[in-house]
Amino acid sequence: MWFGPPKSCHAWQAAAGFSLSLLLGGSLACTNKAPQPDPLEQKLTPEQKAAFEDYKVEMEVGRNMAGRLLGYYGSIDDAKLLGYLNQVGSYVASYGDYPDRRYMFAILKHESVNAFACPGGYILVTMGALRHANNEAELAAVLGHEVAHVGKRHMYDALKKMKQKDIEEAALKKRQATESDPILQLRQRPEPLDSSAAGARLATYLTGKAGAGLSIMAAAAAGMNMLTEKGLDKELEYEADHEGVKYAIRAGYEPRAMISFLKRLEENNAKKVKNLEKTHPPIKDRREQIGKLLLTLKAEDIIGASGDERFKKVKLKFPKPEAA
Amino acid sequence: MKKILMNQCLAVAAWLAAGSALAAHVEAKKDGVEVFADATNKSAVVTTLKAGETVAAGERKGMFWSVTTTAGKAGFVSVLVVKHKPDADGGLVKAINFASKEGRAEGDGTDARTRSAVMGVRGLSDDDNVANAANIRPNLRAVYRMEDKPVTEKKMEQLGQQIFKEIASKAAPSED
């Protein structure tokens, strides 16, 4: 167990604002009963413990978001394909600036070209994105982009900056969006008390209030809004492009792989990038930004691997696309 | 109590401000690895490294890593003669891996699994609005499957070897 439920909480803490960051801070102070740390936690330094506590909250939000995307789209469960995706993704992440984070990869059963980075390291790539890649280097660059979002905590930090009111409004908006669809209503996530016990337990710990599971759930819903509609700030997207390309280059891949992936998207697949362009800067601008980075990295001198052979073998075993 | 709260917040804030970005190292694969003054093997040799010797690595520049030796000498080493090693915080990595098991919902997500199995997964066309995913019951079982597939160091090393083998084979014809 991570922690025990608190017995009481000071009034000033309950009223001390509801941004996610304050919920986190308040939680650590309002518990009268100390949590029972696991043996691994006991070995951590105070700085590591603080980082670890924050990571646990981030992970719970990300878990919830990833679970919704997986629930909505469905997943491709081919063990070999997943093994390959995780191998390439983890390998690229090991060349990133945040190798002590955890990165986990899964495939969404959808033919659009998109990928999602949820807080806590849950990275979801559509089957369409895998099909669109011409080689392993392109896949590595795409995964590098998502790894950078996670490592730099782009979404989690954005959520922490949101006030509780905004988070709840975003969650309400999401709920209203599906009211007209009876199928989606059937599949709608449960109310907070019936939802993730871990999330509710965590939020109870954080806020010192029973039944406060809404906070984590609402934060996840707000995160979904950001992930699927609003998008992150475009500067963060450019940063993820830059970092992702750098990680893939460090890992040994061809420097121009991301540019070729994006260029092909722009030329051939306008329909398939509808959702991608809703939340990302225009592809042309992204290509230009990456091009500028490559100049500074002396990319023209870099001999990179394409991973063509490995990718071709994996591609032969891709599941057939479902009929539209 | 307020002081504890403040300290905890400061600790988290300090960690966030630092961004937890870590440096990396490279390890010489053989004796006599040359550290060049610039990112070209035509520049002066600053020093050499012994097999297994590790130096701090910075960014890649062309086919070289920028490095700083333990003696403080800066230079560049070819990516083909060293092994890149990330400086992950081992203690934190273990704790994070442990946390992913501990934080699971009671019942291991079986309820969510059952529900989605009954309803099936609806086929989605390109016209579907992904925003609707926000109101779907999380499929925790699928998330746990993600968490249960860690990639071993060995697997990553194997891939790295194949990648640098490909690079070496591409680089070989152009070397004098």
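Is Arg153(A) buried or exposed? Arg153(A) is buried, because 21 other C-beta atoms lie within 10 Å, where a residue counts as buried if 20 or more other C-beta atoms lie within 10 Å of its own, exposed if 12 or fewer, and partly exposed in between, with C-beta atoms placed from the backbone. This is a predicted model, in which local features need pLDDT of at least 70 and side-chain atom pairs count only at pLDDT 80 or more, while totals for chains, interfaces and linings use all residues. Residues are numbered from 1 along each chain as its sequence is written, and chains are lettered from A and ligands numbered from 1 in the order in which they are written.

Arg153(A) sits in the loop between helix H7 (136–151) and helix H8 (154–161) of chain A, helices (H or I, at least four residues) and strands (E, at least two) being DSSP runs numbered from the N terminus. The phi of Arg153(A) is near 55°, a positive value in a residue other than glycine. Most residues other than glycine have a negative phi. Lys298(A) also has a positive phi, near 55°, and is placed in the loop between helix H16 (283–296) and helix H17 (308–316) of chain A. Lys298(A) is partly exposed, because 16 other C-beta atoms lie within 10 Å.

A further residue of chain A to look at is Ala221(A), which belongs to helix H12 (residues 214–230). Ala221(A) counts as buried because it has 26 C-beta neighbours inside 10 Å. Between Ala221(A) and Val61(A) there are 9.0 Å in space, C-alpha to C-alpha, although the two are 160 residues apart in sequence.

Chain A also holds an open sheet of three strands in the order S1-S3-S2, with mixed pairing, where two strands pair if DSSP finds at least two bridges between them. Its edge strands, each pairing on one side only, are strand S1 (104–108) and strand S2 (115–118) of chain A. From one strand to the next the twist averages 20°, with axes being lines fitted to C-alpha atoms, for helices over the stretch in contact, and angles running from 0 to 180 degrees between N-to-C directions. S1(A) pairs with strand S3 (residues 122–126) of chain A in the parallel sense over five bridges, and Ile107(A) has Val125(A) in S3(A) as its bridge partner. H7(A) packs on this sheet, touching S2 and S3 of chain A, and its direction makes about 25° with that of S2(A); two residues are in contact if their C-beta atoms, placed from the backbone, lie within 7 Å.

In chain B, strand S4 (residues 54–61) and strand S5 (residues 64–68) run antiparallel and are joined by four bridges. They form a hairpin with two residues between them, and Gly62(B) in the turn has a positive phi of about 60°. S5(B) is joined in turn to strand S6 (residues 74–78) of chain B, antiparallel, by five bridges, and this hairpin has five residues between its strands. Thr68(B) in S5(B) stands opposite Ala56(B), and the bridge partner of Thr68(B) in S6(B) is Ala74(B).

Confidence in chain B is highest in strand S2 (residues 33–36), at 96, and lowest in helix H3 (residues 110–119), at a mean of 35. Over residues 107–127 of chain B pLDDT stays under 50. Where pLDDT is low, the predicted coordinates should not be read in detail.

How values were computed: pLDDT = per-residue confidence, 0-100.
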